[in-house]
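User: I am new to this structure and would like a short walk through it. Could you show it to me?

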Amino acid sequence: MDSGLKIGVVGAGIMGLSTALWLQRDGYDVTLFDRVEPGSGEQTSYGNAGILARTAVVPVSVPGLLRHVPSMLLDRDGPLFLRWSYLPKLIPWIIPFLRNGKESRVRQIAGALDTILGDSVDQHLALSKGTAAAALIETGNYAYVYKDRAGFEKDAWGFALRREHGAEWEEWGRAKLLEQDPNLGEEAGFAAVLKDHGWIRDPGAYLAALLETFRREGGIFNLGEISEVLPGAERPSVTVSGETHMFDHVVVASGVWSRRLAEKLGHKVPLEAERGYHLVLKNPSHMPPIPYMLSDAKFVLTPMDGGLRCAGLVEFGGVDAPASDAPLRIFERRIKRIYPTLTWDGTESWMGRRPSTPDSLPLIGQSTKAKGVWFAFGAQHIGLTSGPKTGRLVADMIAGRTPNIDMTPFATDRFDKA
Ligand SMILES: Cc1cc2nc3c(=O)[nH]c(=O)nc-3n(C[C@H](O)[C@H](O)[C@H](O)COP(=O)(O)OP(=O)(O)OC[C@H]3O[C@@H](n4cnc5c(N)ncnc54)[C@H](O)[C@@H]3O)c2cc1C
């Protein structure tokens with residue numbers, strides 16, 4: 001089918017690739033732009049923990065978070081880092097972020113997140129069906145591991161909220177955990193094992209495989225820096241490396257860098273980089289049978305093709321600051337507490353930028369300032385999970401099909417009014 005319409009997609013992380021593929025399947029003539037090849041380490045979609053976190057409806061900002069911030073910052077093994085010189089720039093973002101941690105607001109946010117996460121494993125399977133990417137998806141359980149039951153009970157509120165949105169889990173004591181994974185140390189005394197999740201065994205290879213499919217089906221990938229997306233009198237355009245390309249529609253899916261492009265269109269987009277890290281332990285002596293969220297340490301251990309990936313933590317310091325060393329040292333120290341006998345023979349380290357809004361919800365939909373320009377960014381900690389669904393929603397709306405979920409929480413102009 002050839003609809004005759006031309007669509008440009010700016011950004012080839014999981015959001016852009018998913019959107020481009022669904023648009024291509026709808027018969028559009030799609031050009032995908034990025035300054036890097038998909039699957040490269042500059043992309044947030046490359047280095048994440050790989051979890052298809054379909055029940056991650058509880059945002060980071062929850063009741064009581066503020067109380068814990070000082071101890072998280074002061075603890076040398078804590079999950080939160082701040083470059084203090086960045087604090088003045090962070091304040092306009094962090095105040096509404098913390099305000100959104102009120103219980104009533106968290107409930108609304110969880111409800112909205114559920115609409116883009118609930119069927120996310122199936123969305124990945126549908127997106128990748130018939131492509132080389134499909135072989136990189138594992139389906140299975142995902143365990144939140146605690147030192148003891150008391151630790152889990154401190155998270156009871158969040159788990160109850162997950163249950164309201166369909167999460168099911170089994171509770172395992174240490175004996176059952178050791179049956180499945182005899183290498184676990186004393187720090188693993190209890191787990192809530194969430195059912196029917198999934199993970200990607202190599203997110204970089206997954207992106208590269210999706211690009212290969214897009215190209216094979218006739219899509220054009222244009223490597224270059226996009227300086228501008230403009231509405232135009234008739235049709236929107238993309239300027240790349242000094243050349244202007246006209247389209248019938250343009251989708252901005254540029255992760256944390258979308259802010260600059262959206263602000264040029266006249267939108268207010270308080271998008272902040274929640275920087276996160278990974279350390280891959282190559283050729284590890286053992287790996288967990290399923291991914292573990294180390295709930296006290298606040299990072300994930302995922303068994304991947306390239307080794308055991310430790311990924312997570314949060315650092316505020318802006319988009320462009322260089323990577324820090326301290327988060328990587330935490331991975332090394334804490335992994336030894338979970339797996340005291342673990343050995344490995346090399347590491348790969350990485351820093352990425354979660355594109356985060358103060359209300360923990362992405363912007364998905366048509367710009368109210370520029371007809372024909374669409375947004376698909378801002379999915380904070382759950383962008384890998386929600387990418388394929390987001391791409392499908394954008395494709396539906398461009399085709400004039402009404403999405404079967406309420407799109408209001410994701411409105412592109414909701415921060416303009418603030
Ligand atoms: C440590 C860590 C762990 C995580 N774990 C998980 C997880 O387990 N599960 C999960 O669901 N999510 C996870 N996430 C979050 C997830 O990785 C992100 O939400 C997601 O990757 C965002 O995808 P994206 O396509 O919006 O952005 P990106 O992957 O960053 O892609 C944006 C693309 O736009 C391009 N671009 C931007 N501006 C321009 C320009 N001007 N010109 C040309 N190209 C441009 C960039 O080069 C880039 O390729 C994690 C994140 C981190 C940091």
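This is a predicted model: local features need pLDDT of at least 70, side-chain atom pairs count only at pLDDT 80 or more; totals for chains, interfaces and linings use all residues.

User: Which residues come nearest to the ligand?

Analyst: Asp34, Gln43, Ser45, Gln380 and Thr385 come nearest, out of 35 residues around the ligand. A residue counts as near if one of its heavy atoms lies within 4 Å.

User: How far is the polar side-chain atom of Ser45 from an oxygen atom of the ligand?

Analyst: The distance is 2.4 Å for Ser45. For Gln43, a side-chain N or O atom is 2.8 Å from a ligand oxygen atom. Polar contacts here are pairs of N or O atoms within 3.5 Å.

User: Which strand gives the most to the shell around the ligand?

Analyst: Strand 17 does, with 4 residues. Strands are DSSP runs of E with at least two residues, and helices are runs of H or I with at least four, numbered from the N terminus.

User: Changing topic, which residues of helix 6 are buried?

Analyst: Ser120, Val121, Gln123, His124, Leu127 and Ser128 are buried in helix 6, residues 120-128. Buried means under 20% relative accessible area (1.4 Å probe, protein chains only).

User: What follows helix 6?

Analyst: Gly130 follows helix 6, and its phi is positive, near 80°.

How values were computed. Residues are numbered from 1 along each chain as its sequence is written. Side-chain values use heavy atoms; hydrogens and water are left out. Buried means under 20% relative accessible area, exposed over 50%, partly exposed in between (1.4 Å probe, protein chains only). A polar contact is a pair of N or O atoms within 3.5 Å; within protein, one must be able to donate a hydrogen and the other to accept it, and residues adjacent in sequence count only if both atoms are side-chain atoms.
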